[in-house]
Amino acid sequence: MNNKIEIPDLMIYAMASEIKNFETVLHGVSSPLPVLAMSVARKTHAPDMAYISGAEGVDPEVDRIYPSSFDARMNRNAVAYFGLHEAFDLAQRGELNVMFLGAAQIDRYGNTNLSVIGDIDQPKVQLPGGAASAFLMPITPKVVIWITRHSKRVFVDEVDFVTGQGYNNRAEAYKKNELVVISSLGVMNFKNSDRVMQIQSYHPGHTLDEIKENTGFDLMVAPDVAETPAPSKEIIDLIHNIDPDGVRWTEFR
Amino acid sequence: MKKVLTSLDEAARLVRDGDLVTTGGATFHRAPMEFVRELVRQGKKNLSLVDREPAMDFDLLIGAGCVAKIRAGMLAFEGLGLAPNFRKKSEAREIITKEGACQPIIAGFRAAAMGLPSLPVKGMLGSDLLDISEEIGGYKQVEDPFTGEKMIAVRAIQPDLAVIHVQKADEYGNVRIEGPVYEDVIKAKAAKTVVVTAEELIPNSEFRKMPEATTLPHFIVDAVVEAPKGAYPGSCFNYYDVDYDHIKEYLRVAAKGQFKEYLDKYVYWRETNE
């Protein structure tokens, strides 16, 4: 590796790696990284995945991404339209395998906040809202949370408001569902008996200590912790070809 | 069939101050922007707005002082930024924000469309959103009478008015939506009054040639308005794409605290030019 791999590319590849072939996967609003991850997965290891776009296209050929993740130009060559309300019904039936969601704050149990900073009735910052988070987080077999700024302001001891449910706020039946957090520094999951966040991998160029120092609670470390696999040049080219305008960078600024 | 073709001005008069209104489309796509601009020109007050994922349509109405209350799953300008007027007025408590979530809001519309008082959804349990009490699409925990499964019942959301921008309509209110439909059919069936703004009016005979392409039949729709570029600066599939530069200008002007200038330039100009 002579050139340093850029963080968005590492994150997109890690997110794509969470998708298995033949799975049904959905992305929502404001989701450039998930769109790119789903496109990479479909063009590499998961050619038979069912790709449901938030723009409502099924299995589209995404040849370019835009500031809006619902831009209908991303439905090119789609085989069908499938509305978000239909995708949510699929989730209720347990047939939506993977969903990507964001978080302004997250805690050790995986509770996410996308609603307000401060008090809900007297917010210091009014955030955009959780969209489908509270509905999909507990019931979806795998939810991948992407966080572009791994810091103590995001990884907090306690979220100001529980928008999406972590493991301590779930009914027993939903504790088996998987939650993966992919940040600018590493990949975290909850694969331990206490269902608390642990480091599964650290991105190339970053360290376990750096992740811990930038997290507002004690992070466990998975026994098989390793470096996050880096994407090949072909995959990086694929990402850059779909996103020549650098839309993927907007969340990092 | 009754002719329901009318002017933008007349159609917007169907909205009364204090009404509960929903808009078609999703974020910047096929939102009824020209109708929204007309609501601003008519100086509507105290509207309650509800939708799954609105964007500039809601933010413009908030910025123009038309809104008292918001219920949405998410209100932002996607990758372009936060919704500036929503954020400012919500933080100043000049509007009441009662965050919903996508599927429950849709369930509220579906209940109203089906003539039911409520509809249950899965998920939601354990989220603090359940504590945000609200008469529009409010939540209550229920048990399924057959399986005992705990779910959230969502109270029906019956908007006073739904306004939907579409590609094609006839003078009777038959509607053809091209491309993504979003929840527009559900919203139209849920609302007491339905206004359709259309890029193009086409003859009734065109609908009869291909009834399977009709998205809404005439008896659902109360008013049709011809509104070319009616979703601008958002997109209208098969007609035009989003004008991202315009939306960036909106955000720039709002960030400088000069939103009135945007309204003068893009909303009120029509009044002064006529």
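Visitor: Are helix 2 and helix 3 of chain B roughly parallel or roughly antiparallel to each other?
Guide: First, this is a predicted model, where local features need pLDDT of at least 70 and side-chain atom pairs count only at pLDDT 80 or more, while totals for chains, interfaces and linings use all residues. Residues are numbered from 1 along each chain as its sequence is written, and chains are lettered from A and ligands numbered from 1 in the order in which they are written. The axes (lines fitted to C-alpha atoms over the stretch in contact, with angles from 0 to 180 degrees between N-to-C directions) of helix 2 (residues 33–41) and helix 3 (residues 56–63) of chain B come within 10 Å and cross at roughly 10 degrees. Angles under 35 degrees count as roughly parallel, over 145 as roughly antiparallel, 65 to 115 as roughly perpendicular and the rest as oblique, so these two helices are roughly parallel.

Visitor: Which residues of helix 3 of chain B make that contact?
Guide: Contact here means C-beta atoms, placed from the backbone, within 7 Å. Helix 2 of chain B brings B:Met33, B:Val36, B:Leu39 and B:Val40, and these meet helix 3 of chain B at B:Asp57, B:Leu60 and B:Leu61.

Visitor: Which strand of chain B has B:Leu49, the bridge partner of B:Val21?
Guide: Helices (H or I, at least four residues) and strands (E, at least two) are DSSP runs, numbered from the N terminus. Strand 1 (residues 20–23) of chain B pairs (at least two DSSP bridges) in the parallel sense with residues 47–51 of chain B, over two bridges. That puts B:Leu49 in strand 2 of chain B.

Visitor: And how many bridges join strand 1 of chain B to strand 8 of chain B?
Guide: Strand 8 covers residues 161–169 of chain B and runs parallel to strand 1 of chain B. B:Thr22 stands opposite B:Ala162 there. The number of bridges is three.

Visitor: Are B:Leu20 and B:Thr22 buried or exposed?
Guide: A residue is buried if 20 or more other C-beta atoms lie within 10 Å of its own, exposed if 12 or fewer, and partly exposed in between, with C-beta atoms placed from the backbone. Both faces of strand 1 of chain B are covered, with B:Val21 and B:Thr23 buried on one side.

Visitor: Which element gives the most to the side of chain A that touches chain B?
Guide: There, 43 residues of chain A are in contact with 46 residues of chain B. Helix 3 (84–92), strand 9 (122–126) and helix 4 (133–139) of chain A each give two or more residues. With five residues, the one that gives the most is helix 4 of chain A.

Conventions: Two residues are in contact if their C-beta atoms, placed from the backbone, lie within 7 Å.
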